[in-house]
Amino acid sequence: MNRLAIALGCSSLVLAGAASAATYTITVEDLVPGGVATGQPLSPPVAVVHDGSYSLFAAGAAASPGLEIVARDGNPMTLVMEAEGASGVSYVTTGSAGPFFDSVQFTIDGNPGDLFSVAMMLGRTNDLITGIHDVVLPTSDTVVMMTNAYDAGVEMNTGMIEDIPFYGNSGVGPDEDGVIAMINSYTIFNDPDFGQLDFSFPPAARITIEPGNTTPVETTTWGAIKGLYR
Ligand SMILES: [Ca+2]
């Protein structure tokens, strides 16, 4: 069974000792065109509130074991556990129960001045991720960020569906002993319906950070796309 297809329960954790915090509404929108047919599903976003001693990801750094699993398979669980166990982290959540093509919305607890990072996989790739890192949580302004795509440096970009979880093949691509690096294009070479598919970035997604607690509405198309994972 392909691990990206496993429905994952939303996981939220407020760490012991955390001071009372403000609530922020986070919206993650998939901006890669094409939807289910030719687009990029985003894996459940791993969202972390932290201080400067923690890093979810950064260009030039090697991916952590948890981020490697996100990048290869889209499964957030190990990365969530890593963050929950890390010093300097005050809040961890996954923004959706499964991959999505449109948008998801969720809330986080944090304080103005805290740092906020999000990472998720572009599902129709070997090991591309997108997200934001070390963004300062605002006091009252809404922050809107267009995200870059990054090669996580853990699996070679073969572009062959035999190595890609969207096509039902998880974690089987050849290893790449690299570091996280921004990437502007990616190609699938043997899509069964379309042959070659070319993607260009940025943007990959738009992430909105809105102070205050509006009512989160999850609009994932998970149910609709579930049948595609096989
Ligand atoms: Ca790669």
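Asp30 stands opposite Ala205 in strand 13, where a strand is a DSSP run of E with at least two residues, and strands are numbered from the N terminus. Seven bridges join strand 2 (residues 22-30) to strand 13 (residues 205-211), and the two run antiparallel. This is a predicted model, in which local features need pLDDT of at least 70, side-chain atom pairs count only at pLDDT 80 or more, and totals for chains, interfaces and linings use all residues. Residues are numbered from 1 along each chain as its sequence is written.

- Four strands make up an open sheet, in the order 5-2-13-8, with antiparallel pairing; two strands pair if DSSP finds at least two bridges between them.
- At the edges are strand 5 (103-110) and strand 8 (143-146), each of which pairs on one side only.
- From one strand to the next, the twist averages 20 degrees, using axes that are lines fitted to C-alpha atoms and angles that run from 0 to 180 degrees between N-to-C directions.

- Most peptide bonds are trans, and most residues other than glycine have a negative phi.
- Phe201 and Pro202 are joined by a cis peptide bond, with omega about -10 degrees.
- The peptide bond from Pro202 to Pro203 is cis too, and its omega is near -5 degrees.
- Look for Pro202 in the loop between strand 12 (195-200) and strand 13; Pro203 lies in the loop between strand 12 and strand 13.

- Asp134 belongs to strand 7 (residues 128-136), and its phi is near 60 degrees, a positive value in a residue other than glycine.
- Asp134 counts as partly exposed because it has 15 C-beta neighbours inside 10 Å; a residue is buried with 20 or more other C-beta atoms within 10 Å of its own, exposed with 12 or fewer, and partly exposed in between, with C-beta atoms placed from the backbone.

- Among the buried residues of helix 2 are Leu67, Ile69, Val70 and Arg72.
- The buried residues of helix 2 pack against strand 3 (46-50), helix 3 (77-84), strand 6 (115-121) and strand 7, where contact is defined as C-beta atoms, placed from the backbone, within 7 Å.

Key: Contact = placed C-beta atoms within 7 Å.
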